[in-house]
Amino acid sequence: MQLTRRYRFSASHRLDSPALTAKQNRQLYGKCNYPYGHGHDYVLSVTVEGGIRPDGQLVDRRALDAIVTKQVLDRVDHRNLNVDVPELTQLVATTENLALVVREALLADWNLPVRLAKVRISETDRNIFELLEDSADRGRTQ
Amino acid sequence: MLLTRKAEFSASHVCADPALSPAENQAIYGPNANPNGHGHNYVLEVTVEGDPDPVTGMVFDLRELKIILNEEVVEPMDHRFLNREVEPFDRVIPTTENLALEIWKRLEQRIDRTNIRLKNVRVYETQDLYVDYGGPACS
């Protein structure tokens, strides 16, 4: 059985790869490369997997909320991802990389009796990124 | 191929174990343990797996699926107090997890047939909390 909880945060970012020239960055990222950045209302879904405990729950919702709040929301909400999130200062602040950072931040403090199964982040209603735990080690980008 | 049908029902519930004190229940279930109950607009998504029938072109007759969902879930649960009016929630705590389990039990026998099986039950308690249950094999 899986349980999914949804959270929201608002943050700014700018896509710019140090490995590319200014012109290449502008061509590749388009508006996302405008020099002063821009922001989104991100929606984060965290899915956990396990069995039902005697209290009828897979996981204590407040314990899950506490980890997500401390490890993710408190660090990204109303922040500039490129500047304020240390793990992203060396990476392009794409939502792909953000999903990887979120997963690692959650697992770094994971004390719940369930498995983290999925991290899903929508940047806008049209752009959605999912990281399944089984494939989490694939596709790390710089 | 997967086919998903959605249904909604609104119901009230209390999540509390009668063997525990009010303080212990608050510690586990928070405001969900408030004794007089509260309600949600539940959303149910039922996914069926099978191959399209060569004659009808359908995995499952959606009219029949709608009738099954209505008879097994919506009619018995909509605008009800789950703990008091819907079996087995007089003795099973109506968490979203247990609700998904109960809905699975009610639907499985009516949906499963040759080459067609109930694949997943998703219950949204709110837009920000949902449970997926894929049957005993997936625990």
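Reply: Residues are numbered from 1 along each chain as written, while chains are lettered from A and ligands numbered from 1 in written order. The model is predicted, with local features needing pLDDT of at least 70, side-chain atom pairs pLDDT 80 or more, and totals using all residues, and side-chain values rest on heavy atoms, without hydrogens and water. Chain A averages a pLDDT (the predictor's confidence per residue, from 0 to 100) of 93, and 94% of the residues score at least 70.

From the N terminus, the elements (DSSP runs, helices H or I of at least four residues and strands E of at least two) follow the order β-α-β-α-β-α-α-α-β-β. Within this order, the axes of helix 2 (residues 61–76) and helix 5 (residues 95–108) of chain A come within 9 Å and cross at roughly 140°, the axes being lines fitted to C-alpha atoms over the stretch in contact and the angle running from 0 to 180 degrees between N-to-C directions. Helix 2 of chain A contributes A:Ile67, A:Val68, A:Gln71, A:Val72 and A:Arg75 to this contact, and helix 5 of chain A contributes A:Val102, A:Ala105, A:Leu106 and A:Ala108. Among the residues of this contact, seven are nonpolar, one is polar and one is charged. Elsewhere, pLDDT stays under 50 over residues 136–142 of chain A.

Technical notes:
Contact = heavy atoms within 4.5 Å. Nonpolar A, V, L, I, M, F, W, Y, C, P; charged D, E, K, R; others polar.
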